[in-house]
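User: I would like to learn how to read the features of a model of this kind. Please take me through them one at a time.

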Amino acid sequence: MLQVRNGAGEMLGVLFDRYHAPLHNFYSKLMGDRAVSEDLVQEVFLKILRYRESYRPGTPFRAWIYQIARNARIDYFRKTPRQVTFDPEMLPPVLPKDSAQQNQEAALLHRALMQMPEEKREVLVLARFQELKYEEIAQLLGCELNTVKTRVHRALRELKRTFRRLEQGLTASESGPAAANNIPRRLGNEV
């Protein structure tokens, strides 16, 4: 990023290669729309180029890029009414190979995530799917470290409740008894 900041625009390609997939995943999990996610990723890289001089050496780059990503999403919603829909194509890119039950559990998990309030969904996506450290999330959200820990814990509890509610809506033949118990293993053992 320091090279991009100093005018070496060709180095933006290196950053793009490294951060395109994580940013696309971030947007996809928050918004559930591949096309909008791709547009927002492109917008992030345009903003990186446009605001490259605002990057301060010593600042963690990941926190800086996710702040730009959050701002791009806010700008998008200012221009476009919010609409969250479930798109089965937004399931994790690598699905388990062994059974339809695991695919169904992944779909239920995604549906449960999309039903959560945006603030809780965002903190979960940042912590569990984007694997940002709690310190980075605290800096990104402008809050204390313990606040982030509390928000993640509460969001995981709500996700588990929503997942179980969705799972109970299925018939016994459609759902395995261990599905809800898999949530802590997938997202962390905090619930």
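The dialogue below goes from the whole chain to single residues.

User: How should I begin with confidence, and what does the chain average?

Analyst: This is a predicted model, and pLDDT is the predictor's confidence in each residue. The chain averages a pLDDT of 80, and 79% of the residues score at least 70. Over residues 171-180 the pLDDT is below 50, although this stretch has 13 contacts in the model beyond near neighbours in sequence.

User: How many helices and strands are there in the chain?

Analyst: The chain has nine helices and zero strands. Read from the N terminus, the order of elements is therefore α-α-α-α-α-α-α-α-α.

User: Which figures describe burial, contacts and surface for the chain as a whole?

Analyst: Of the 191 residues in the chain, 43% are buried. Among contacts with a separation of 6 or more, 67% join residues 24 or more positions apart.

User: What span should helix α8 have, and what does the model give?

Analyst: The expected span of a helix is 1.5 Å times one less than its number of residues. Helix α8 covers residues 145-168, so its 24 residues should span 34 Å; the end C-alpha atoms are 35 Å apart, in agreement.

User: What does the same reading give for α3?

Analyst: The 17 residues of α3 should span 24 Å, and its end C-alpha atoms are 24 Å apart, which agrees. Within α3, the buried residues are Val 36, Ser 37, Leu 40, Val 41, Val 44, Phe 45, Lys 47 and Ile 48. These buried residues pack against α2 (12-31) and α4 (61-79).

User: Is Ser 37 buried or exposed, and which residues does Ser 37 touch?

Analyst: A residue counts as buried under 20% relative accessible area. Ser 37, in helix α3 (residues 34-50), has 0% relative accessibility and so counts as buried. Leaving aside residues up to four places away in sequence, Ser 37 touches His 24, Tyr 27 and Ser 28.

User: How are aromatic pairs read, and how many does the structure hold?

Analyst: Planes over 60 degrees apart count as edge-to-face, and those under 30 as stacked. The structure holds eight aromatic pairs. One of them, Phe 26 with Tyr 27, is tilted, with 5.4 Å centre to centre and 50 degrees between the planes; both residues are buried. Tyr 55 and Trp 64 form an edge-to-face pair, at 5.1 Å centre to centre and 70 degrees between the planes, and both are likewise buried. Tyr 55 and Trp 64 also belong to one aromatic cluster with Tyr 19 and Phe 61.

User: Where does the charged end of Lys 29 sit?

Analyst: The charged end of Lys 29 is placed over the ring of Phe 129, 4.6 Å from the ring centre.

User: What is there to note about the phi of Glu 131?

Analyst: Most residues other than glycine have a negative phi. Glu 131 is not a glycine, yet its phi is positive, at about 60 degrees. Glu 131 lies in the loop between α6 (118-129) and α7 (134-141). With a relative accessible area of 58%, Glu 131 is exposed.

How values were computed
Residues numbered from 1 in each chain as written. Predicted model: local features only at pLDDT ≥ 70, side-chain atom pairs only at ≥ 80, totals over all residues. Heavy atoms only, no water. pLDDT = per-residue confidence, 0-100. Contact = heavy atoms within 4.5 Å. Helix = DSSP H or I, 4+ residues; strand = E, 2+ residues; numbered from the N terminus. Buried < 20%, exposed > 50% of the residue type's maximum accessible area, 1.4 Å probe, protein only. Phe/Tyr/Trp six-rings, centres within 6.5 Å; stacked < 30°, edge-to-face > 60°. Lys NZ or Arg CZ within 6 Å of the ring centre and 35° of its normal.
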